[in-house]
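Work through the exercises below with the structure at hand, and try each task before you read its solution.

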Amino acid sequence: MKPQEFVPIEQSALDVMMPMHVLLDAQGRVRHVGPALGKVCKIDGLIGHDLSDVFDVRDNGMARPEDVVGGALPHYTKLFLTLKSGPSTALKGVAVPLSDGRGELLNLSFGLSVVDAVADYGLNVADFAHTDLAIEMLYLVEAKSAVLDEIKQLNMRLQGAKTEAEEQAYTDTLTGLKNRRAMDQVMARMIRGRLPFALMHLDLDFFKAVNDTHGHAAGDAVLEVVADILREETREDDMVARVGGDEFILVFNRLVDHDRLMRMSERIISRLEEPIPFQDIECRISGSIGITTSEFYDTLDAEQMVHDADLALYASKHAGRATATIYDPAKHTALPGTAPEVRAT
Amino acid sequence: MHGMINRAIQCFLRDTYGAQTWSEVVDKADLGFDNFEAMLGYPDAVTLDVLSATARHFKKPVESLLEDLGTYLVSHPNVEAIRRLLRFGGESFSEFLFSLNELHGRARLALPDLEMPVMRVKPTGDGMFELTCAHELPGFGYAMLGVLRAMADDYGALVLLEHQGWKDFGEEVITVHLLEAAFSEGRAFNLVAGEELSL
């Protein structure tokens with residue numbers, strides 16, 4: 001080994017260059033502690049003591065054999081120290097021998113622990129060597145947190161906006177009921193789930209007359225009342241959609257009993273027939289209903305069901321309105337102006 | 001322009017003059033929306049529209065509004081994060097001034113897309129400094145006037161500031177005369193946020 005140049009240096013200079021260093025004597029006891037380290041652990045607890053009284057010291061077992069013998073610490077290799085009492089701050093260290101077997105110099109620093117350590121020990125700029133990257137690290141951590149916070153909040157706002165947009169895409173603006181797009185989704189889901197359900201197509205009677213006689217404002221008011229009635233007459237699980245000017249489709253989850261469906265229809269119709277006040281007039285409407293259920297079909301097809309409900313609805317209209325009809329494949333075969341369907345079974 | 005800058009203008013107007021004023025500026029600028037996202041990007045024209053609408057609204061020159069914006073960014077509690085990040089630059093006002101040489105690089109560590117002005121600070125003797133500020137959007141220098149004034153207060157320093165106008169190539173020049181480094185207490189600054197309240 002080349003003869004090493006001897007560098008004389010004052011102890012106070014070490015305090016400037018390495019604020020967290022420790023000088024150990026030949027017996028491995030602490031002789032001197034750098035000023036910043038003095039803030040981290042009480043100096044009285046250190047001077048004259050073994051390092052191991054204050055720190056747990058680990059290494060990676062990668063020291064060369066010649067660097068382990070005859071010292072308090074393995075030299076020239078990575079050391080990991082943890083305080084035995086107080087906050088369990090993790091420190092990094094390297095130790096080197098002093099010349100002539102006079103002891104060891106151990107330099108310590110924080111690693112990632114610097115952020116917590118500054119708070120735990122009230123450290124400030126003066127506690128770090130000017131050459132230390134600690135201040136840049138603290139700046140970076142703070143800037144990163146601020147940016148991440150902003151991004152997290154932006155994500156939440158975007159998520160909220162997305163949900164709202166999706167809601168709007170499925171909602172009828174005037175009544176707040178679902179729209180046709182939503183209905184398609186719901187039906188597809190019910191069919192996939194193979195759950196029994198009923199489909200009711202409701203067409204308002206005499207609605208056109210209200211618009212023509214009293215104006216569109218009256219018509220809108222009527223539709224809003226109709227929407228309220230339908231919401232009240234359906235259960236949580238059911239769906240009410242406005243699919244046309246005065247047309248509504250209702251889907252009744254797990255309800256296929258004909259008697260019940262007829263009773264519900266009659267209830268809806270008699271509520272629709274109650275006069276609807278608008279300004280100083282009373283609007284009068286009624287409703288025609290066509291119903292089909294999933295029980296009629298071996299293979300469920302949404303379009304087919306809507307079509308069949310329409311056939312039943314037409315029958316209601318034909319029978320004088322203000323009534324409900326359940327689809328009957330034998331009787332209800334074609335809409336006017338179309339040929340009777342030939343249905344594959 | 002990075003949304004952060006537009007958001008700064010929005011928050012400045014809203015926090016200083018109220019939500020109503022911000023609404024009116026938004027209308028005058030014909031934005032079509034009333035909220036900037038700090039993490040998104042916007043066309044430069046939008047920033048110019050907002051600034052000129054603000055100037056029209058207050059019937060004040062844009063320069064004085066930019067100066068007020070600069071002061072706001074350092075002194076208002078809602079934007080404490082900015083003041084803290086600037087204070088990392090140095091323990092004294094003159095150290096802080098020199099740290100402006102690195103502000104461009106520092107900001108890029110946090111937000112690579114944020115176009116900060118490139119600044120050069122050089123001492124010209126006798127406690128005098130010259131700050132040169134260059135950016136695509138002219139007028140940043142006026143915001144810096146406000147920032148410097150508020151930071152001087154923060155450090156407890158007594159300074160004289162003067163905007164010297166434009167050099168060639170669109171660079172703005174500000175002269176800083178540091179009269180006294182420790183004129184008053186200034187505000188405390190701890191390396192970790194939230195520690196100011198203890199002791």
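A residue is called buried when its relative accessible area is under 20%, exposed when it is over 50%, and partly exposed in between (1.4 Å probe, protein chains only). The model is predicted, so local features need pLDDT of at least 70, side-chain atom pairs count only at pLDDT 80 or more, and totals for chains, interfaces and linings use all residues. Residues are numbered from 1 along each chain as its sequence is written, chains are lettered from A and ligands numbered from 1 in the order in which they are written, and side-chain values use heavy atoms, with hydrogens and water left out.

**Exercise 1.** State what percentage of the residues of chain B count as buried.

Solution. Chain B has 199 residues, and 48% of them count as buried.

**Exercise 2.** Explain why the radius of gyration of chain B agrees with that of a compact globule.

Solution. The radius is taken over C-alpha atoms, and the globule rule is 2.2 Å times the number of residues to the power 0.38. For 199 residues this rule gives a value near 16 Å, and because chain B has 17 Å, the two agree. Along the principal axes, the C-alpha atoms of chain B fill a box of roughly 50 × 45 × 35 Å.

**Exercise 3.** Find which residues B:Phe93 touches, leaving out those up to four places away in sequence.

Solution. Take contact to mean heavy atoms within 4.5 Å. The partners of B:Phe93 are then B:Leu148, B:Met151, B:Ala152, B:Tyr155, B:Ala157, B:Val159, B:Val176 and B:Leu178. In chain B, of the contacts with a separation of 6 or more, 62% join residues 24 or more positions apart.
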